[in-house]
Amino acid sequence: MDVITLGESMVLFTPKASSGLMRYAGDFSTKIAGAESNVAIGLVRLGHQAGWISRLGNDEFGRRILSFIRGEGVDVSEVKFDDSASTGLFFKEKLTADEARVSYYRKDSAASKMTSADLDEAYISKAKYLHITGITPALSESCRETVLKAVKHAKSAGVKVIFDPNLRRKLWSETRAREVLLELAGMADIVLPGVDEAEFLFGESDHETLGQAFLDNGASAVIMKLGKEGAYVASEEFSGIVPGFPVEDVTDPVGAGDGFAAGCLSGLIDGLAIKEAVQRGNGVGAMVTMADGDVEGLPDLKRLTNFMQRDYL
Ligand code: CKP
Ligand code: MG
């Protein structure tokens, strides 16, 4: 296994009408999404092996999510069904061309009931990387403990930890989020914050100062996402900006960060230097924004290479 990740996936509802308040929407299309399974799917598309640990409600939506993620080729052998809680849902409204609003219906969901007893440490030990995000610890105290246990185990087993803070203000208070995200960022080998998340965590705005703040906090590399501009990297091997790929028409920005994580991880697994791995991340992130849905735009290596060489149509 190259990468193991753990977190909640949900059914995503999007109004079919392209604009207007959701209260007037009669028809919805549905897709499957969740930051961690998005990353696992992205990795599989790029030719890697990925496993996803989670809990789903023992209901129709839970069955659908499992089939979908399994169908994408992700190992789901560590996913459990819960008879006493439902699968989470969320809704995504398109407000403007590159702005979306998300509403969650995930409180007390099956995934929020994950406990550290759900973790099979031997499963994590088999991976090269453990991928975690700041969404999972925001779901419940037992989820936070589960993530911590997974990280501690990964570190003791020599599995590298990659952490995307993925700040979700709707899920917890800012004070608690800052405290928990900083702790996890300090335990990770590589941190993948968006620049706004980095500013939220350290109260600074200059890229170099922020990069150094993550290194001083304990990480060995930070890859900070700058949207269209690409990413700023701070690491022993390389520090500086890795420019992004221009996208003329952003169809749906949600999921770009997960695509970016999958691209960077894919490069690192393939033994690329960090700068080239981040270029791959930028490429995948850009391609995700060009398709509707969080995983629909994730490319295979051939399409990604074509896109990065600019002859993508
Ligand atoms: O940071 P991203 O836009 O890449 O993350 C999107 C995902 O897990 C999305 O799939 C949604 O389900 C979520 O983040 C979330 O819980 O907000
Ligand atoms: Mg993100």
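Which residues of helix H7 are buried, and what is around the helix?

A: First, the ground rules. This is a predicted model, where local features need pLDDT of at least 70, side-chain atom pairs count only at pLDDT 80 or more, and totals for chains, interfaces and linings use all residues. Residues are numbered from 1 along each chain as its sequence is written, chains are lettered from A and ligands numbered from 1 in the order in which they are written, and side-chain values use heavy atoms, with hydrogens and water left out.

Now the helix. H7 covers residues 195-202. Helices (H or I, at least four residues) and strands (E, at least two) are DSSP runs, numbered from the N terminus. The buried residues of H7 are Glu-197, Ala-198, Phe-200 and Leu-201. Buried means under 20% relative accessible area; exposed is over 50%, and partly exposed lies in between (1.4 Å probe, protein chains only). Seen down the axis of H7, these buried residues fall within an arc of 160 degrees, so they line one face of the helix. The arc is that of the directions from the helix axis to the C-beta atoms.

What covers that face? The cover of the buried residues includes strand E9 (160-164), helix H6 (174-187), H8 and strand E11 (221-225).

Take H6. Its axis and that of H7 are 9 Å apart, at an angle of about 100 degrees. Axes are lines fitted to C-alpha atoms, for helices over the stretch in contact, and angles run from 0 to 180 degrees between N-to-C directions. H6 and H7 are therefore roughly perpendicular. Angles under 35 degrees count as roughly parallel, over 145 as roughly antiparallel, 65 to 115 as roughly perpendicular and the rest as oblique. From H6, the contact uses Glu-174, Ala-177, Arg-178, Leu-181 and Leu-182; from H7, it uses Phe-200, Leu-201 and Phe-202. Contact means heavy atoms within 4.5 Å.

Next comes H8, residues 207-216. The axes of H7 and H8 come within 10 Å and cross at roughly 65 degrees. H7 and H8 are therefore roughly perpendicular too. Val-195, Ala-198, Glu-199, Leu-201 and Phe-202 of H7 meet His-207, Leu-210, Ala-213 and Phe-214 of H8. This contact has seven nonpolar, one polar and one charged residues. Ala, Val, Leu, Ile, Met, Phe, Trp, Tyr, Cys and Pro count as nonpolar, Asp, Glu, Lys and Arg as charged, and the others, Gly among them, as polar.

Last, the end of the helix. Just after H7, Gly-203 takes a positive phi of about 65 degrees.
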